[in-house]
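This briefing starts at the ligand site.

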Amino acid sequence: MTDHDTFVPLHFKRHSPEEMLARAQAFHAELDRRRTVRQFSDEPVPLAVIEEVVRSASTAPSGAHKQPWTFVAVGNPELKRRIREAAEEEERINYSGRMSDEWLEDLKPFGTDANKPFLETAPWLVVVFKRAFELDSDGHKHQNYYVNESVGIATGLLLAAAHHAGLATLTHTPSPMNFLSKALNRPDNERPYLLIPIGFPAEGCQVPLLTRKRLDQVLVVHK
Ligand code: IYR
């Protein structure tokens, strides 16, 4: 028997319609203040906060409740330096030919380039790994399901939880990112998924002027 062969009563919290709307509005207002930050301060962040943020991420629903994720929190300066160097090596190739002209043009408003100082400045790099499969103690492989969907949801919760805690994040996609498996000595069943620097914005941090799509551009309703 596993822990989910048993059913228990759901503790569901109901709110009045007015309260529901007010809560939904307040939550949206909070999430709408989240911005991706690329300039971090080196101010430390207590590990206890990162731990709670990862706890929140790990509440995500997952295929057959396999929870196919591992979060590696890197605060060690030497390890961050090695990650920065490897990431920049790949990005130099990306920016000088591996990315299409259209891609480079699309990135111009964000001012990104192959330099990734935030990989050293941010106090924490949370590297999200997806677990493609599990190995039991006899070395038998066991499947995970909807791994990308599950880990994507968990990462979304991680970003929301960090923001809620008062921290800034960057959803970073070094590519290719196999160097992270090696640098962090991860087992074969784990594949790097995203790299999330977490910390405080640098003094005077600027972000691109962006607008979010209007509701009518993202929502189709069939009543
Ligand atoms: N991985 C590169 C390029 C990059 C791609 C997209 I799409 C972005 O939204 C941002 C960056 C880099 O990190 O610079």
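The ligand sits in the largest pocket of this predicted model. Two elements each give two or more residues to the shell around the ligand: α3 (77-98) and α4 (101-107).

**Ligand shell**

- The residues around the ligand are Arg38, Glu91, Tyr95, Met99, Trp103, Leu107, Asp113, Lys116, His172 and Thr173.
- By class, the shell residues divide into 4 nonpolar, 2 polar and 4 charged.

- Which distance separates lysine 116 from a ligand oxygen atom? A polar side-chain atom of lysine 116 lies 2.5 Å from that oxygen.
- Histidine 172 also places a polar side-chain atom by a ligand oxygen atom, at 3.4 Å.
- Threonine 173 takes part through its backbone: a polar backbone atom there is 2.9 Å from a nitrogen atom of the ligand.

**Sheet**

- An open sheet is formed by 4 strands, in the order β1-β2-β6-β5. Their pairing is antiparallel.
- Which strands stand at the edges? They are β1 (69-74) and β5 (168-169). Each has a single partner strand, so one side of each is left without a neighbour in the sheet.
- β1 pairs with β2 (residues 124-131) over 6 bridges, in the antiparallel sense.
- Within that pairing, phenylalanine 71 has valine 128 of β2 as its bridge partner.
- In general, strands of a sheet pair through backbone hydrogen bonds, and the pairing is either parallel or antiparallel.

**Overall fold**

- The chain has 8 helices and 6 strands.
- Along the sequence, the pattern reads α-α-β-α-α-α-β-β-β-α-β-α-β-α.
- Taken along the principal axes, the C-alpha atoms fill a box of roughly 55 × 50 × 40 Å.

**Backbone details**

- Most peptide bonds are trans, and most residues other than glycine have a negative phi.
- Where is a cis peptide bond found? A cis bond joins serine 175 and proline 176, with omega at about -10 degrees.
- Proline 176 has its place in the loop between β5 and α7 (179-183).
- Histidine 65 has a positive phi of about 50 degrees, although this residue is not a glycine.
- The loop between α2 (47-57) and β1 holds histidine 65.

**Points to carry forward**

- For the backbone, check the cis bond between serine 175 and proline 176 and the positive phi at histidine 65.

Methods: Residues numbered from 1 in each chain as written. Predicted model: local features only at pLDDT ≥ 70, side-chain atom pairs only at ≥ 80, totals over all residues. Heavy atoms only, no water. Near = heavy atom within 4 Å. Polar contact = N/O pair within 3.5 Å; in protein donor to acceptor, adjacent residues only side chain to side chain. 1 Å grid on protein atoms, 1.4 Å probe; cavity = no way out; pocket = protein on both sides within 12 Å on 5 of 7 lines; lining within 4 Å. Sits in = over half its atoms within 2 Å of the grid points. Nonpolar A, V, L, I, M, F, W, Y, C, P; charged D, E, K, R; others polar. Pairing = 2+ DSSP bridges.
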